Amino acid sequence: MRAVGAFGFGGPEVLQVVEVPEPHAGPGCVRIRVHAAAVNPADTLMRAGQVRLPGVRPPYIPGQDAAGVVDEIGPGTATGLRMGDRVMAMVMPNVPGGGAYAEHVVLPASWVARAPAAAGHAEAATLPLNGLTARLALDLLALSPGQTLAITGAAGAVGGMLIQLAKADGLRVVGDAAPADRDLVRSLGADSVVARGGDVATRFREVMPAGVHALADAALIGAPVAAAVRDGGGIAAFRGTAAFGPPERGLSYHQVYVPDYGGRPDKLDLLRRLAETGALAMRVAGTFLPEQAAEAHRRFEAGGVRGRLVLQF
């Protein structure tokens, strides 16, 4: 089968279309005929050699978001999925077999959920990884309706998911944005928008003088933004909690490690239902053929992409 992978690490130019053995679904698993795979930051880190791949032999196949159709169900697999179902899934590429940049992936049935009705494959591929990341962050923070959440990187893919899921939870949201993104962040549901950049914590405090109940640091700012959070509040960290230093003022730090939500079809199905009601947008910034994967990575790494770039197989 065709896949997009690399035999070594480096810039986007290392990506190429390769032929690899076609996988088949064993017990407890389903196979997806992948029609769309979103490009995420972890994909570029893997391609550049910044992600450990113990036991994985080249070609290294990135991709953590897959959408397509169930075309094989392993023997004895207990699942409500049926052949031909349109589905979506989060994929872990740091295992033998690789990630979602391939015509077929095999996953435990519990990692797969039906795609939103009427959504195209490219749209569905934008939901699993970023949606589960945002959902896990909110679950760790465990806020109650009416409480306040600040979000850095609010215009990004994870930030946008955080806004929409937080509003669905009944929270009050303040996000940061560049001038060109203010309308986007408001359209996603933010109650207030402040300028991004240095000293954003002060601007959050201007909107919420008592401090927010919690903060999701999707922009990876770290310690300086903690000042926006009231004493005893919570912080969701997306690349480790060490950047915030030792806890102070009774703050609690939560590491958001999205593989913890692998095998949680209930969480994936929640994303599906919210997308079907229009409460969760599926933002596709552009689509590319497998042969254009290097171009997609270049565009992504140039910055300013709003939504997700998607490879279509």
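Author: Buried means under 20% relative accessible area, exposed means over 50%, and partly exposed is in between, with a 1.4 Å probe and protein chains only. On that scale, 55% of the 313 residues of the protein chain are buried. The model is a predicted one, in which local features need pLDDT of at least 70, side-chain atom pairs count only at pLDDT 80 or more, and totals for chains, interfaces and linings use all residues. Residues are numbered from 1 along each chain as its sequence is written, and side-chain values use heavy atoms, with hydrogens and water left out.

The protein chain has 8 helices and 15 strands; helices (H or I, at least four residues) and strands (E, at least two) are DSSP runs, numbered from the N terminus. Along the principal axes, the C-alpha atoms fill a box of roughly 60 × 40 × 35 Å.

A contact means heavy atoms within 4.5 Å. Among contacts in the protein chain with a separation of 6 or more, 65% are between residues 24 or more positions apart.

Now to α7 itself. The helix covers residues 265-277, and its 13 residues should span 18 Å at 1.5 Å a residue; the end C-alpha atoms are 18 Å apart, which agrees. The expected span is 1.5 Å times one less than the number of residues. The buried residues of α7 are Lys267, Leu268, Leu271, Arg272, Leu274 and Ala275. An α-helix has 3.6 residues a turn, so residues three or four places apart point the same way. After α7 comes Gly278, with a positive phi near 90°.

Two of the covering elements lead on to loops. β5 is on one side of the loop that holds Gly99, with β6 (104-108) on the other. Gly99 counts as buried because its relative accessibility is 1%. Leaving aside neighbours within four places in sequence, Gly99 is in contact with Ile61, Pro62, Gly63, Val91, Pro93 and Val105. Gly99 and Val4 are 95 residues apart in sequence, yet their C-alpha atoms are 9.3 Å apart in space.

The other loop lies between α3 and β8 (148-152) and holds Ala142. Ala142 has a positive phi of about 55°, although it is not a glycine. With a relative accessible area of 57%, Ala142 is exposed.

A positive phi is also found at Asp199, about 60°, and this residue is not a glycine either. Asp199 lies in the loop between β10 (192-195) and α6 (200-207), and its relative accessible area of 51% makes it exposed.

Another loop, between β12 (229-237) and β13 (252-255), contains Leu251. At 5% relative accessibility, Leu251 counts as buried. Beyond neighbours within four places in sequence, the contacts of Leu251 are Ala226, Val229, Arg230, Gly232, Gly233 and Ile235.
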